[in-house]
Amino acid sequence: MGRKARIDQEELVRLAAEGWTNARLAEHFGVTESGVLQAKRAAGLSKPMTDHSRALPWKLRREHSQSGPATNLRSLSAAAQGRQVPKDKLNTALRWAGRLVDNGLDIAYDPEQGFHEVPARDDSHVARVLTEARDATNAAGTTP
């Protein structure tokens with residue numbers, strides 16, 4: 001078994017700043033693109049991944065992962081974490097969540113049924129996600 005290839009971080013930083021692609025870096029260092037991505041994270045060259053587990057606490061089935069509610073919750077989650085969300089997507093998500101909250105509704109998920117609207121309780125999931133997104137966009141001055 002061969003020795004694991006090492007990526008020189010100083011060289012990685014320099015080459016990435018020059019605009020080298022991950023594929024070219026992988027070839028240069030003799031590693032996979034995944035190895036380059038790991039090295040970039042370790043060197044602080046990549047943004048941390050957005051974690052949507054708070055907005056989508058369910059294990060979604062594949063056929064539900066791109067549904068309207070899932071997409072809207074991810075958009076609100078990204079906004080709450082300070083990420084740039086296209087204005088039309090954020091507006092859609094804000095209108096969707098606002099409609100639910102204004103009508104006393106929340107969202108629930110069942111792997112068989114998918115997403116469905118339910119009467120909201122005091123700990124409304126959608127209301128919390130909406131508030132977090134609004135707070136973040138208001139603080140950043142990016143309210144649509």
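**Figure 1. Surroundings of Glu117 in the predicted model.** Glu117 touches Arg99, Leu100, Leu105, Asp106 and Ile107, residues up to four places away in sequence being left out of this list. The structure shown here and in the following views is a predicted model. Glu117 belongs to strand S2 and is partly exposed, with a relative accessibility of 39%. Between Glu117 and Asp102 the C-alpha to C-alpha distance is 13 Å, and 15 residues separate the two in sequence.

**Figure 2. The aromatic cluster of Trp58, Tyr109 and Phe115.** These three residues, Trp58, Tyr109 and Phe115, make up one aromatic cluster. The model has three aromatic pairs by count. In one of them, Trp58 and Phe115 are arranged edge-to-face, with 5.6 Å between the ring centres and 85° between the planes. This pair joins distant parts of the chain, since Trp58 lies in the loop between helix H3 (33–42) and helix H4 (68–80) while Phe115 lies in strand S2 (residues 114–119), 57 residues apart. Trp58 is partly exposed, its relative accessible area being 24%. Phe115, by contrast, has a relative accessible area of 14% and is buried, because the limit for a buried residue is under 20%. Tyr109 and Phe115 form a further pair, whose ring centres are 4.9 Å apart; the planes meet at 55°, so this pair is tilted. Tyr109 and Phe115 are both buried.

**Figure 3. His64 and its contacts.** His64 is located in the loop between H3 and H4. With a relative accessible area of 13%, His64 is buried. Apart from residues up to four places away in sequence, His64 touches Ala70, Tyr109, Asp110, Pro111, Gln113, Gly114 and Phe115. Two of these contact residues, Tyr109 and Phe115, also belong to the aromatic cluster with Trp58.

**Figure 4. A charge over a ring: Arg24 and Trp20.** The charged end of Arg24 is placed over the ring of Trp20. Its distance from the centre of the Trp20 ring is 3.7 Å.

**Figure 5. Packing of helix H1 against helix H3.** Two packed helices are described by the angle between their axes and the distance between the axes. For helix H1 (residues 9–17) and H3, the angle is about 100° and the axes are 10 Å apart. H1 is therefore roughly perpendicular to H3, as angles of 65 to 115 degrees fall in that class. Gln9, Leu12 and Ala16 of H1 make the contact with Ala39, Lys40 and Ala42 of H3. Sorted by class, this contact of H1 with H3 comprises four nonpolar residues, one polar residue and one charged residue.

**Figure 6. Packing of helix H2 against helix H3.** Helix H2 (residues 22–29) packs with H3 at an angle of about 100°, and the axes are 8 Å apart. H2 and H3 are therefore roughly perpendicular to each other. On the H2 side the contact is formed by Asn22, Ala23, Leu25 and Ala26, and on the H3 side by Glu33, Val36, Leu37 and Lys40. The contact of H2 with H3 contains five nonpolar, one polar and two charged residues. Lys40 of H3 takes part here and also in the contact with H1.

**Figure 7. Packing of helix H4 against helix H5.** The axes of H4 and helix H5 (residues 87–102) come within 9 Å and cross at roughly 110°. H4 and H5 are therefore roughly perpendicular to each other. From H4, the residues in contact are Pro69, Asn72, Leu73, Ser75, Leu76 and Ala79; they meet Lys89, Leu90, Thr92, Ala93, Leu94, Trp96 and Ala97 of H5. Nine residues of the contact of H4 with H5 are nonpolar, three are polar and one is charged.

**Figure 8. Leu130 in helix H6.** Leu130 is situated in helix H6 (residues 125–140). Leu130 is buried, with a relative accessible area of 3%. Leaving aside residues up to four places away in sequence, Leu130 touches Leu94, Ala97, Gly98 and Val101. Among these, Val101 is 29 residues from Leu130 in sequence, with 8.8 Å between the C-alpha atoms. Leu94 and Ala97 touch Leu130 and also form part of the contact of H5 with H4.

Technical notes
Residues are numbered from 1 along each chain as its sequence is written. This is a predicted model: local features need pLDDT of at least 70, side-chain atom pairs count only at pLDDT 80 or more; totals for chains, interfaces and linings use all residues. Side-chain values use heavy atoms; hydrogens and water are left out. Rings of Phe, Tyr and Trp (its six-membered ring) pair if their centres lie within 6.5 Å; planes under 30 degrees apart count as stacked, over 60 as edge-to-face and the rest as tilted. Helices (H or I, at least four residues) and strands (E, at least two) are DSSP runs, numbered from the N terminus. Buried means under 20% relative accessible area, exposed over 50%, partly exposed in between (1.4 Å probe, protein chains only). A charge sits over a ring if NZ of Lys or CZ of Arg is within 6 Å of the ring centre and within 35 degrees of the ring normal. Axes are lines fitted to C-alpha atoms, for helices over the stretch in contact, and angles run from 0 to 180 degrees between N-to-C directions. Angles under 35 degrees count as roughly parallel, over 145 as roughly antiparallel, 65 to 115 as roughly perpendicular and the rest as oblique. Contact means heavy atoms within 4.5 Å. Ala, Val, Leu, Ile, Met, Phe, Trp, Tyr, Cys and Pro count as nonpolar, Asp, Glu, Lys and Arg as charged, and the others, Gly among them, as polar.
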